[in-house]
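Hello,

Here is the structure I promised to hand over.

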Amino acid sequence: MAARWVLHLDMDAFFAAAEQLTRPTLRDRPVLVGGLGPRAVVAGASYQARVFGARSAMPMGQARRLCPHAVVLPARFTLYKELSSRVMAVLADASPVLEPVSIDEAFLEPPALAGAPAAEVERFGARLRAGVRAATGLPASVGAGSGKQLAKIASELAKPDGLRVVAPEDEREVLGPLPVRSLWGVGPVAEAGLNKLGVRTIGELAAMDLREVHGLLGTAIGTELHRLARGIDERPVAPRGAAKQVSAETTFDTDLTAMAAVHDAVARMTEAAHRRLVASGRAARTVTVKVRSADFTTSSRSETAGIASTDLGALTAVAQRLARTAVPEGGVRLIGVSLAGLTDDPPPALFEPLAPVSAGPAPVPVEAAEPAEPEEEPAVERPWRPGDDVAHPEYGHGWVQGAGHGRVTVRFETRTTGPGRARTLKADDPDLTRADPLASMA
């Protein structure tokens with residue numbers, strides 16, 4: 001049987017790199033992408049920020065303390081999705097066997113590389129990275145090995161902006177000294193258990209007696225991890241199945257204490273999840289509401305109907321009714337809404353056709369909590385915030401660097417202009433308008 005080659009491509013610091021690409025002033029500067037509120041988290045950090053210890057999924061406040069001179073920007077998922085689609089198009093052209101893992105990474109198993117020498121795989125990987133850079137202007141790291149685990153480890157070793165091919169004869173040398181936490185499926189609990197036995201590296205796990213591994217981790221998990229530690233990984237590269245649910249959630253800058261504010265937040269989260277539901281061409285039978293209290297206690301409520309629907313009003317009414325029974329004493333820190341039980345060809349109705357509760361008083365400001373994909377704020381009239389895309393008939397496309405006291409400072413630049421000039425204008429200047437983030441690619 002011909003030797004198998006699996007490749008893993010990972011975009012380097014994708015969100016932050018996209019900001020640096022389209023806002024040339026930020027190139028070579030530390031950048032943090034994420035929410036701007038006191039409870040926000042980091043969605044992406046440039047390598048210049050990582051030098052100071054900032055990381056994705058870290059509380060934004062902690063990251064800003066570690067790197068106080070970083071530029072902090074809100075996520076622009078319209079831009080990231082466009083760049084991601086270009087990346088995936090390059091990968092699909094290169095290999096018919098493609099498994100996207102997330103917005104910025106994917107596995108490939110090109111049939112043409114079956115049985116190929118490592119040198120040929122290196123040439124293929126180099127062409128792949130060059131194709132991605134030509135299509136997007138962004139760097140990517142590629143790893144290759146005999147299975148998905150080894151390919152992913154190789155791409156991590158190649159970062160940033162590199163290529164690492166692990167030939168079969170080199171697998172033990174590469175895997176052996178790595179910490180056991182590098183393996184899929186080894187979390188803090190499994191790591192602690194292995195460490196108690198003096199097992200800290202993948203090589204030490206590979207050398208263990210399988211019966212001892214079973215006793216510690218169980219038969220199924222133990223067998224799988226023992227095989228991965230020895231470089232045996234037969235998992236196929238295959239397209240991911242359709243998502244089983246769509247959801248949205250938000251953490252609030254200040255705990256919600258009024259039910260009217262809770263209803264308003266639930267309506268916004270249901271609408272956000274509903275947009276993804278409609279975009280997927282499916283309908284939902286189950287509505288679930290998740291609520292986290294000020295003391296981090298989490299509760300959830302679900303309701304399932306006999307038929308599925310895309311009716312936003314009905315979905316919202318159900319979610320708000322569920323929220324009333326889930327809200328704890330003392331305030332709400334986080335609210336999430338998920339729509340599941342997804343089906344194709346949706347019928348028109350779901351649940352009782354109840355009207356959603358009106359929003360009531362003005363909503364409490366929110367910030368996205370999920371680093372993978374925070375909700376973008378709707379394009380409504382509001383004061384300028386740092387990172388907003390704007391356009392001016394004389395100066396062109398730009399982005400807001402700061403605003404206050406009736407003034408707004410805008411850096412007018414795009415990907416192709418090079419570092420642009422900053423201009424301070426009146427905040428109510430009628431010539432200054434909001435712009436599509438994709439215009440920054442021009």
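Val51 sits in the loop between helix 2 (47–50) and helix 3 (60–66). Helices (H or I, at least four residues) and strands (E, at least two) are DSSP runs, numbered from the N terminus. The model is predicted: local features need pLDDT of at least 70, side-chain atom pairs count only at pLDDT 80 or more, and totals for chains, interfaces and linings use all residues. Residues are numbered from 1 along each chain as its sequence is written, and side-chain values use heavy atoms, with hydrogens and water left out.

Is Val51 buried or exposed? Val51 counts as exposed, because its relative accessibility is 68%. The cut-offs are these: buried means under 20% relative accessible area, exposed over 50%, partly exposed in between (1.4 Å probe, protein chains only).

Val51 also belongs to a nonpolar surface patch with Phe52 and Leu66. Together they have about 280 Å² of accessible area. Patches take residues with over 30% relative accessible area and no salt bridge; like charges are joined within 9 Å, nonpolar side chains (Val, Leu, Ile, Met, Phe, Trp, Tyr) within 5 Å. Areas come from the Shrake-Rupley method with a 1.4 Å probe; for residues, only the protein chains shown count as cover.

Val51 and Ala220 are 169 residues apart along the chain, and their C-alpha atoms are separated by 39 Å.

**Domains**

The domain assignment gives domain 1 (1–168), domain 2 (171–238), domain 3 (245–343) and domain 4 (388–441). Such bounds come from an automatic or database domain assignment. Taken over C-alpha atoms, the centres of domain 2 and domain 4 are 52 Å apart.

**Salt bridges**

Side chains of opposite charge can pair when their charged atoms come close. Here a salt bridge is a side-chain nitrogen of Lys or Arg within 4 Å of a carboxyl oxygen of Asp or Glu. How many salt bridges does this rule give? The count is 22.

- Arg23 pairs with Glu19, with the closest N and O atoms 3.1 Å apart. Arg23 is buried at 1% relative accessibility, and Glu19 is buried at 0%.
- Asp161 pairs with Arg133, again with a closest N and O distance of 3.1 Å. This pair links distant parts of the chain, 28 residues apart: Asp161 is in the loop between helix 6 (148–158) and strand 8 (163–165), Arg133 in helix 5 (residues 118–136). Asp161 is partly exposed at 34%, and Arg133 is partly exposed at 37%.
- Arg235 pairs with Asp233, the closest N and O atoms being 2.8 Å apart. Arg235 is partly exposed at 25%, whereas Asp233 is buried at 8%.

There is also a network: salt bridges with shared partners join Glu19, Arg23, Arg76 and Asp389.

**Aromatic rings**

Rings of Phe, Tyr and Trp (its six-membered ring) pair if their centres lie within 6.5 Å; planes under 30 degrees apart count as stacked, over 60 as edge-to-face and the rest as tilted. The count comes to seven aromatic pairs.

Why is the pair of Phe77 and Tyr80 called edge-to-face? Their ring centres are 5.3 Å apart and their planes stand at 75 degrees, so the pair falls in that class. Phe77 and Tyr80 are three residues apart in helix 4 (residues 77–94), about one helical turn. Both are buried.

Tyr395 and Phe412 form a tilted pair, 5.2 Å centre to centre with 50 degrees between the planes. Tyr395 is in the loop between strand 15 (389–392) and strand 16 (396–404) and Phe412 is in strand 17 (residues 407–412), so the pair ties together parts 17 residues apart in sequence. Tyr395 is partly exposed at 27%; Phe412 is buried at 9%.

Phe14, Phe15, Phe77 and Tyr80 make one aromatic cluster.

**Backbone points**

The peptide bond from Lys159 to Pro160 is cis, with omega near -5 degrees. Pro160 lies in the loop between helix 6 and strand 8.

Ala13 is not a glycine, yet has a positive phi of about 45 degrees. Ala13 is in the loop between strand 1 (6–11) and helix 1 (14–22), and is buried at 10% relative accessibility.

Best wishes
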